[in-house]
Amino acid sequence: MTRQETVMSRPAPLSKSSCGLSRLFFLLVAGTALAVPFAMLDTADAHATGCADLARRALPDATFTTVETVPDGRWQPPQDQLTRIMSAPGMNVAGHPTQAPNPAFCRVAITLHPSPDSHIRTEVWLPLKGWNGKLLGVGNFGWAGSLMYYGMATGIAEGYAVASTDTGHDSSTPEGQGGRFTLGHPEKMIDYAYRADHLMTVMAKALIRNFYGRKAVHAYWIGCSLGGLEGLIEAKRYPEDYDGIVAGAPPNPIVNFNAEQLWAGWMSYHNPALRVSHDKFHLLNAAVMNACASPVGKKQGFLEEPDKCTFTPEQLQCKGKNTAKCLTANEVQAANNIYQGPLDPQTHQVIFPGPAKGSEDGFSADGKAFPVALDLFRYAAFQNPDWDWTTLKWDTDIQEAARRVGPLLHVDDNLTPFFRHGGRLLMYIGWNDGHNPEQLAGYYQSVQRNAGPAGADAVRLITIPGMGHCYGGTACDTFSKLGAIDDWVSHRQAPEQVIAARVDNGQVVRTRPLCAWPKVARYDGHGNMDDAASFACVLPDAH
């Protein structure tokens with residue numbers, strides 16, 4: 001299927017010069033050990049003449065594992081759960097209903113080892129013709145541990161050089177699943193938090209310069225969930241790595257967000273009377289939709305403006321005996337607790353707000369822990385696989401977890417150096433995500449305030465009615481993140497409105513504008529409800 005040109009094995013650990021000026025890096029090329037000066041990395045006259053020639057270039061703390069030419073249409077991603085998620089139209093970074101076949105490209109796979117405990121698998125794909133002069137870094141999902149091949153394939157088909165990394169662990173192994181890899185491995189935690197993404201970016205830019213003989217004119221980052229948080233971390237720690245960042249549903253601050261994900265299970269574990277069946281949550285959702293959705297929302301199956309919905313669970317409370325058509329007092333309390341989110345018992349402040357109205361079909365109060373969130377506390381924060389989540393203290397444990405993990409993974413609201421560099425930040429999130437968009441809107445406003453005149457016009461937020469976590473739901477969830485950020489950076493066209501589609505079985509069945517917050521899409525009252533032309537972006541108080 002592919003023609004492999006060079007395969008290299010990992011060298012033994014190297015001793016490093018104290019001054020670093022005479023540092024040498026060893027690679028195995030065609031079975032021969034070569035010592036190559038670090039200076040070759042950025043030497044202008046070291047332009048590669050072909051794909052195989054790249055393997056003869058030195059990269060610091062790195063080992064080439066595969067360099068091959070992949071012919072047109074021959075790339076096949078591995079088939080696993082992540083692939084199924086990433087192949088959904090709503091996850092397509094260019095907004096295509098289906099995945100386009102790949103053009104011919106040079107595939108470079110490298111393992112980075114910036115510390116003795118680091119093993120960061122990274123790939124850079126370079127179009128053999130038609131390169132548009134730009135780099136795309138593709139963010140991860142969940143706890144990472146895999147390369148984001150679908151995002152890379154979309155980017156390469158759009159003419160980009162693309163890069164992805166597993167962030168330093170392999171999720172296909174038992175020790176690499178979830179957050180287990182952080183247990184007793186502080187260097188791997190650093191790789192996961194920020195080092196892998198930054199080194200991948202530096203390496204990708206160096207390979208681009210060597211392969212094409214010129215630098216990338218722009219570099220973009222696109223990711224959702226963990227990938228969105230990675231984008232914020234890049235903007236904060238390495239403001240010159242990327243010119244444009246698309247950060248979908250970034251779980252920030254992640255300790256607080258994961259605490260909220262444990263909240264409903266924790267409360268219903270400690271008080272079984274607060275356990276609620278899916279049928280009752282579905283009943284609540286139907287009542288919310290009936291009370292607050294517009295005719296368009298009722299027809300298409302989502303609540304357009306959840307933050308304006310005044311319906312409360314008390315309006316469904318049983319007047320007499322419990323039936324399938326009402327909520328008991330305990331079920332009302334459970335729903336209100338979930339909407340509110342967990343409280344710090346000392347300050348009585350909300351640690352992280354609960355999900356928005358209209359998303360009740362995704363609620364769960366079954367006395368069980370949310371596994372992805374649980375891993376952050378037992379592995380990354382407390383380094384104890386036997387940590388009992390039912391003993392979670394909502395003041396001291398949250399504070400301690402934030403003290404340990406926050407310096408690596410939390411991003412404050414001062415991104416001014418990124419904006420001063422000329423960077424543009426587009427955030428997006430679905431109203432049916434477990435992450436309440438109102439929380440992200442608060443962060444967005446703080447970022448704008450801190451940026452001042454230098455960055456007031458350099459950040460946008462898009463909230464998407466009906467969309468779940470990063471994609472899915474009944475929403476128009478498919479839009480070109482790549483097109484939006486490129487238009488903004490390259491052509492100064494800020495994404496005040498983006499046209500999105502709903503795709504079923506590879507076909508577009510309706511379109512709708514997505515509006516830059518705080519504006520919302522309003523139906524004109526007479527056009528085709530399935531056509532974006534029948535909507536206008538207006539301020540929510542407009543009539």
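Helix α8, residues 329-340, has twelve residues and runs 17 Å from its first C-alpha to its last, close to the 16 Å expected at 1.5 Å a residue. The model is a predicted one. Within α8, the buried residues are E331, V332, A334, A335, N337, I338 and Y339. Their cover includes α5 (254-270) and α6 (278-292). After α8 comes G341, with a positive phi near 90°.

K280 counts as buried because its relative accessibility is 9%, and buried means under 20%. Its contacts, leaving out residues up to four places away in sequence, are N322, T323, A324, C326, L327 and E331. E331 is one of the buried residues of α8. The side chain of K280 also reaches the backbone oxygen of C326, at 2.9 Å.

Ten of the twelve residues of α4 are buried, so the helix is mostly covered. The buried residues are L226, G227, G228, L229, E230, G231, L232, I233, E234 and A235. Helix α2, residues 149-157, is largely enclosed by the rest of the structure, because eight of its nine residues are buried. Those eight are Y149, Y150, G151, M152, A153, T154, G155 and I156. Covering them are, among others, α1 (81-86), β5 (105-112), β6 (120-127), β7 (134-138) and β8 (161-165). α2 is followed by G159, whose phi is positive, near 95°.

The largest nonpolar core has 150 residues, and L126, F377, L425 and M427 have the most contacts inside it. Helix α3 (residues 186-212) gives this core its largest share, 13 residues. A second, separate core has six residues, including V296, C515, F535 and C537. L126 touches L54, F105, C106, V108, I156, A161, I208, F211 and Y212, with neighbours within four places in sequence left aside. Of these, I156 is among the buried residues of α2.

A buried loop residue is found in another part of the chain. D433 lies in the loop between β11 (424-430) and α12 (437-451). Its relative accessible area is 2%, so D433 is buried. Apart from residues up to four places away in sequence, D433 is in contact with A249, P355, M467, G468, H469 and C470. D433 and P465 are 32 residues apart in sequence, and their C-alpha atoms are 9.7 Å apart in space. A polar atom of the D433 side chain lies 2.9 Å from the backbone nitrogen of H435.

Some backbone features also deserve attention. Most residues other than glycine have a negative phi, and most peptide bonds are trans. S225 is not a glycine, yet its phi is positive, near 65°. S225 sits in the loop between β9 (218-224) and α4, and is buried, with a relative accessible area of 11%. R492 likewise is not a glycine and has a positive phi of about 60°. R492 is in the loop between α13 (481-491) and β13 (497-504).

The bond from N252 to P253 is cis, with omega near 0°, and P253 belongs to the loop between β10 (244-248) and α5. Another cis bond joins W517 and P518, with omega about 10°. P518 is in the loop between β14 (507-515) and β15 (520-523).

These parts belong to a chain with 13 helices and 16 strands. Its radius of gyration is 24 Å, which agrees with a compact globule because such a globule of 543 residues would have a value near 24 Å. Along its principal axes, the C-alpha trace spans about 85 × 55 × 50 Å. Of the 543 residues, 56% are buried. Among contacts with a separation of 6 or more, 69% are between residues 24 or more positions apart. The chain exposes about 22300 Å², with carbon and sulfur atoms supplying 52% of that area.

Methods. Residues numbered from 1 in each chain as written. Predicted model: local features only at pLDDT ≥ 70, side-chain atom pairs only at ≥ 80, totals over all residues. Heavy atoms only, no water. Helix = DSSP H or I, 4+ residues; strand = E, 2+ residues; numbered from the N terminus. Expected span 1.5 Å × (residues − 1). Buried < 20%, exposed > 50% of the residue type's maximum accessible area, 1.4 Å probe, protein only. Contact = heavy atoms within 4.5 Å. Polar contact = N/O pair within 3.5 Å; in protein donor to acceptor, adjacent residues only side chain to side chain. Rg over C-alpha atoms; globule rule 2.2 N^0.38 Å. Areas by Shrake-Rupley, 256 points an atom, 1.4 Å probe, with all protein chains shown as cover. Core = buried A, V, L, I, M, F, W, Y, C linked by side-chain atoms within 4.5 Å.
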